[in-house]
Amino acid sequence: MIGTCMHALEVNFDGLVGPTHNYAGLSYGNVASLNNAASFSNPQEAVLQGLEKMKAMHDKGLTQGVFAPHARPDLNVLRRLGFTGNDSQVIHKAFKADPILLRACYSASAMWTANAATVSPSPDTLDGKVHFTSANLNNKFHRSLEPAITTRLLKAMFNNDSYFAHHTHLPDQGFFGDEGAANHTRLCDSHGEQGLEMFVFGASAFNSQLPKPAKFPARQTLEASEAICRLHNLKESSQILLQQNPDVIDQGVFHNDVIAVGNANVLLCHQQAFLNQQDALQEIRDAYTGSKQLYIIEVPTDKVSISDAVSSYLFNSQLVSLDDGSMLLVAPQECQRNSAVNAYIEEMILADNPVNQVQFFDLRQSMQNGGGPACLRLRVALNEQELAAVNPEVILTDTKYTQLCDWAKRNYRDKLGASDFADSALLTESYQALDELTQLLNLGSVYDFQLEG
């Protein structure tokens with residue numbers, strides 16, 4: 001029977017960094033992205049850093065998945081924008097006319113799979129299926145290119161209609177701006193039981209009475225979150241909608257996962273995370289139906305400032321459940337290097353809550369573009385039958401890890417700068433790498449260049 005309370009676990013599907021990973025400063029409102037614009041990138045180091053984190057989670061006994069990158073550059077959109085000729089000519093014309101546009105079409109931002117989709121596990125849905133809706137990401141041009149391919153990849157990974165339901169992304173319009181799981185957290189006693197799905201929005205498109213940030217855009221709208229709840233056939237008792245504090249959006253907190261993270265019966269959030277914070281936290285406590293104690297760890301501003309939270313990405317760490325019932329904080333090295341943040345982490349793991357371990361990772365290539373450990377993964381809670389229905393080749397094993405590392409070392413460059421994007425050989429290398437990857441992960445033909453070839 002689908003959707004029962006059988007044993008379940010949460011699988012993190014981490015995005016493989018794409019071969020064209022670069023720093024173009026494309027994400028207004030993302031401080032790290034803007035600060036590192038025009039720096040040289042190292043795609044090979046980036047993908048290997050991500051794989052190292054995946055392998056570490058696998059070695060801890062966690063089930064770890066792999067999410068393929070997107071094909072870049074996006075030649076179809078360049079042709080829609082008036083660049084003509086063969087592939088090489090399109091690239092050279094775009095580089096000459098608008099190099100920033102070309103770099104946007106080369107963006108490897110799909111690596112941040114927390115923005116890939118919103119996922120609702122079967123215990124929360126009325127039809128007992130796992131529901132997926134790819135994010136439209138319409139607030140940023142380079143990210144708006146992703147939804148269709150993301151949906152194809154998800155269908156290739158979760159290809160069984162008996163267990164999985166896939167929805168078309170929301171309309172490509174600001175009223176329904178949807179940034180995926182980066183603004184979605186699920187609290188529960190265990191992953192196989194009904195949980196409380198928290199949808200956090202930055203502003204309302206239709207209700208002018210709700211406050212909005214003044215400087216940076218609110219990327220997730222109330223209306224988008226409401227639509228996801230309907231599409232996913234969520235039980236009323238499994239959903240709660242909260243507004244992020246507009247003031248922290250204006251300080252660089254562009255997604256909720258830059259200021260809060262939840263796992264099972266723990267919510268770790270900053271003191272300034274939500275609008276009318278104390279009321280919001282009480283709403284969460286009232287809505288939580290689990291039998292276990294709900295731990296809300298509220299980080300005081302006088303211990304960790306918003307600036308330190310953004311620069312260290314403390315809240316963009318992962319919280320994962322271990323077999324002994326404790327939780328591990330998977331944090332970027334920037335947290336360890338920030339004295340205030342590191343001091344708070346040490347205090348937290350000694351306090352009375354399930355989080356009693358921390359592990360730091362070098363994810364500098366991703367961090368410099370504004371994405372930490374939590375950005376790199378899409379969480380999918382699955383029971384045993386559902387996990388058995390997942391494409392097995394996207395689940396990390398020791399052998400798969402070795403194959404992926406070898407694949408990356410053979411196919412990825414170790415340096416990319418502005419002038420490299422005029423080189424059509426980069427397109428050839430990228431497409432060849434992804435064609436090989438689809439065979440390695442048994443995805444079939446999911447990219448436009450494969451379907452058009």
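**Pocket linings**

Analyst: Strand S1 contributes the largest share of the lining of the largest pocket, namely 4 residues, where strands are DSSP runs of E with at least two residues, helices are runs of H or I with at least four, and both are numbered from the N terminus. The model is predicted, so that local features need pLDDT of at least 70 and side-chain atom pairs count only at pLDDT 80 or more, while totals for chains, interfaces and linings use all residues. Residues are numbered from 1 along each chain as its sequence is written, and side-chain values use heavy atoms, with hydrogens and water left out.

The largest pocket holds about 520 Å³ of space; a pocket here is an open set of points on a 1 Å grid over the protein atoms alone, where a 1.4 Å probe fits and protein lies on both sides within 12 Å along at least five of seven lines, and lining residues have an atom within 4 Å of a point. Among its 25 lining residues, Ala8, His191, Ser321, Leu322 and Asp323 are the closest to the centre. Two or more residues of this lining come from each of strand S1 (8-15) and strand S12 (318-321). By class, the lining comprises 9 nonpolar, 12 polar and 4 charged residues, with Ala, Val, Leu, Ile, Met, Phe, Trp, Tyr, Cys and Pro counted as nonpolar, Asp, Glu, Lys and Arg as charged, and the others, including Gly, as polar.

For the second largest pocket, the volume is about 450 Å³, and its lining has 10 nonpolar, 4 polar and 8 charged residues. Helix H3 gives the most to that lining, with 5 residues.

Conventions: Grid points are joined across faces, edges and corners, and a volume is the space filled by probe spheres set on the points.
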